[in-house]
Amino acid sequence: MDTAGTTAGWLSFFVTAVGLGSLITQASSIQDQLDPYRNSRTLEHLGTWIKHQPKKAWFLLSQPPPVGPVIYARLVDGFCGSNTIGVSRLPSEKPGKATWTAVLAIFHELRPTAIDPSDTQLSKSSIRCSNIQAEGNDKIDDSRPTDIEVGVVLPHHESWDSLQKCPLTRLNSTTCIIISRTTLITILALCNSRIMFRYSDASGHRASYASYCGHFYIDWPIAAPAVAYFHPHDSHSRSTDVYPAMFCVRVDRCVQMMAGVIASPDRKTFQCAFPGRKPPGTWILVHQHRGFPGAHGSRHLYNMMGGKVYEVDFCLARQLDGESPPNALELHLPSTEKGSQVLMIVPEGEQKVLEQALDCLPWSSLSWSIHRGLRDILVAYAKPTMDKFRRNLAERIQKFIKENPQQLEGHGWAPEFVQGAMPTLAASSVMAGSGNSGDSVRVVTDAASLLSARAPAELDETTFWRETRHGLDGDFWLSANAIVALTKCFVLEWSVDFDYQMYHDLPPEILFR
């Protein structure tokens with residue numbers, strides 16, 4: 001009797017357990033089907049960010065929402081706290097369908113490490129940079145000395161691991177992170193973006209930006225949130241790319257050039273902003289000490305980015321009434337109307353300001369997304385000198401590449417490219433006078449930096465425009481100072497216009513899909 005009762009009790013317990021297990025399984029399956037984030041928790045959607053997702057607690061019926069990174073970028077904050085980052089044209093690993101994972105796969109966190117100045121052979125995981133943001137700093141320290149440093153690229157699975165995380169925001173059947181418009185504009189500047197398409201009407205706003213790293217799209221329908229998304233290039237592959245995988249960009253310098261501000265390396269000796277493009281007519285350039293707060297246009301963007309507007313001088317473009325001052329220079333510039341030009345009168349004192357601005361142009365491996373008024377004025381002022389020394393610079397760079405291929409190969413350039421097309425491509429790019437190719441700019445700038453044999457921290461300021469160039473002929477043997485100065489002007493010629501007032505088209509917060 002006891003045996004039968006025990007058996008019956010165990011059998012009843014077994015049947016109950018099986019039944020409860022079946023119910024729990026069915027409930028879990030139903031709960032999974034009802035999960036609004038079901039398609040956003042997968043490796044396909046999140047890429048490597050799948051490892052950061054919270055685990056479901058055993059006592060909870062529903063899963064916590066998936067999380068993503070808190071991405072922020074401004075002049076004073078850098079990109080997520082780093083002023084200098086590594087950028088690659090292609091994602092370092094396959095990103096997820098969430099396009100913010102692709103952005104984090106083309107931007108790379110660097111760990112700064114001091115190196116021997118005489119060491120020109122860097123490991124494949126390193127990038128030679130200047131002004132690298134020290135680990136642990138939340139803000140950019142303008143007073144910190146600029147030493148020779150190397151940025152060691154963190155492995156992709158570690159890069160940006162320290163970013164703060166927050167729940168993803170649902171948008172229809174997908175999820176997004178929330179970024180500010182200043183963050184989006186900064187990201188566009190870091191990627192050397194230019195406008196391809198912009199359309200606004202009663203139905204909303206749409207825009208497309210092509211960049212060195214891919215395409216950005218913005219869609220803001222009426223009565224709906226603004227959405228941005230990014231697609232990396234599908235026309236390139238790592239197996240056929242002959243360029244170094246990564247290069248360095250500095251957030252503060254990219255934002256300043258976009259806002260039309262040029263500053264000396266110490267950010268104190270010289271800071272000057274430039275006016276925007278003007279309607280047809282005769283204008284005169286007037287330097288105003290600490291005049292940027294009274295300017296219109298890029299001042300608002302510079303304020304939004306955290307820049308100290310009150311510390312910046314301003315070159316005001318004022319319509320000319322009367323005669324030109326003695327010894328003034330006439331510059332013919334593009335105007336806001338197609339087919340018409342602006343006659344810009346530059347007095348003798350303002351010519352000195354333009355020369356110092358050219359000497360203080362920041363060094364960059366890639367062309368700028370630039371304030372067009374700054375570009376118009378400086379390119380027009382520098383053109384006679386550039387044309388005089390252009391062939392000289394092209395021949396020097398071409399000869400250096402042919403005679404020193406091992407130095408370029410040590411920087412990551414493919415040997416077959418260095419020993420083949422690279423010398424001619426570099427010379428042709430310099431001789432062209434203008435263009436729209438980030439690859440060509442990278443070829444010239446890397447060769448020129450090696451030719452000059454200058455430390456990265458010494459590339460941001462020269463004396464060529466203020467002192468050396470006067471009285472020289474075109475066959476002058478170019479010094480390192482001249483090579484750096486002319487190469488920075490070459491980058492200026494190849495930079496692309498960027499609408500610094502695009503913030504008017506965007507709300508303060510944007511969903512990054």
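Reply: Two strands are taken to pair if DSSP finds at least two bridges between them. In this predicted model, strand S14 (residues 214-221) and strand S15 (residues 227-232) pair in the antiparallel sense over 6 bridges.

S14 and S15 belong to an open sheet of 7 strands, whose order is S10-S11-S25-S15-S14-S13-S12. The pairing in the sheet is mixed. Strand S10 (169-171) and strand S12 (194-201) are the edge strands, each pairing on one side only. From one strand to the next, the twist averages 30 degrees.

Helix H3 (residues 99-106) touches strand S11 (174-180), S15 and strand S25 (509-512). The direction of H3 makes about 55 degrees with that of S15. Helix H4 (residues 181-190) also packs on the sheet, and its contacts are with S11, strand S13 (204-210), S14, S15 and S25. The direction of H4 makes about 90 degrees with that of S11.

As for the aromatic side chains, the structure holds 15 aromatic pairs. One of them is formed by Tyr 243 and Phe 417, tilted, at 5.7 Å centre to centre and with 50 degrees between the planes. Tyr 243 lies in the loop between S15 and strand S16 (246-250), and Phe 417 in helix H10 (residues 415-418), so this pair ties together parts that are 174 residues apart in sequence. Tyr 243 has a relative accessible area of 15% and is buried; Phe 417 is buried too, at 10%.

Phe 490 and Trp 494 form another pair, with ring centres 5.5 Å apart and planes at 45 degrees, so this pair is tilted. Phe 490 counts as buried at 0% relative accessibility, and Trp 494 counts as buried at 6%. A cluster of aromatic residues is made up of Phe 79, Phe 107 and Trp 160.

Arginines also lie over aromatic faces. Arg 513 lies over the face of Tyr 229, at 4.5 Å from the ring centre. Arg 396 lies over the face of Trp 477, at 3.7 Å from the ring centre.

For the setting of these parts, the chain has 14 helices and 25 strands. Of its 513 residues, 51% are buried. Among contacts between residues at least 6 apart in sequence, 72% join residues at least 24 apart.

Conventions: Residues are numbered from 1 along each chain as its sequence is written. This is a predicted model: local features need pLDDT of at least 70, side-chain atom pairs count only at pLDDT 80 or more; totals for chains, interfaces and linings use all residues. Side-chain values use heavy atoms; hydrogens and water are left out. Helices (H or I, at least four residues) and strands (E, at least two) are DSSP runs, numbered from the N terminus. Axes are lines fitted to C-alpha atoms, for helices over the stretch in contact, and angles run from 0 to 180 degrees between N-to-C directions. Contact means heavy atoms within 4.5 Å. Buried means under 20% relative accessible area, exposed over 50%, partly exposed in between (1.4 Å probe, protein chains only). Rings of Phe, Tyr and Trp (its six-membered ring) pair if their centres lie within 6.5 Å; planes under 30 degrees apart count as stacked, over 60 as edge-to-face and the rest as tilted. A charge sits over a ring if NZ of Lys or CZ of Arg is within 6 Å of the ring centre and within 35 degrees of the ring normal.
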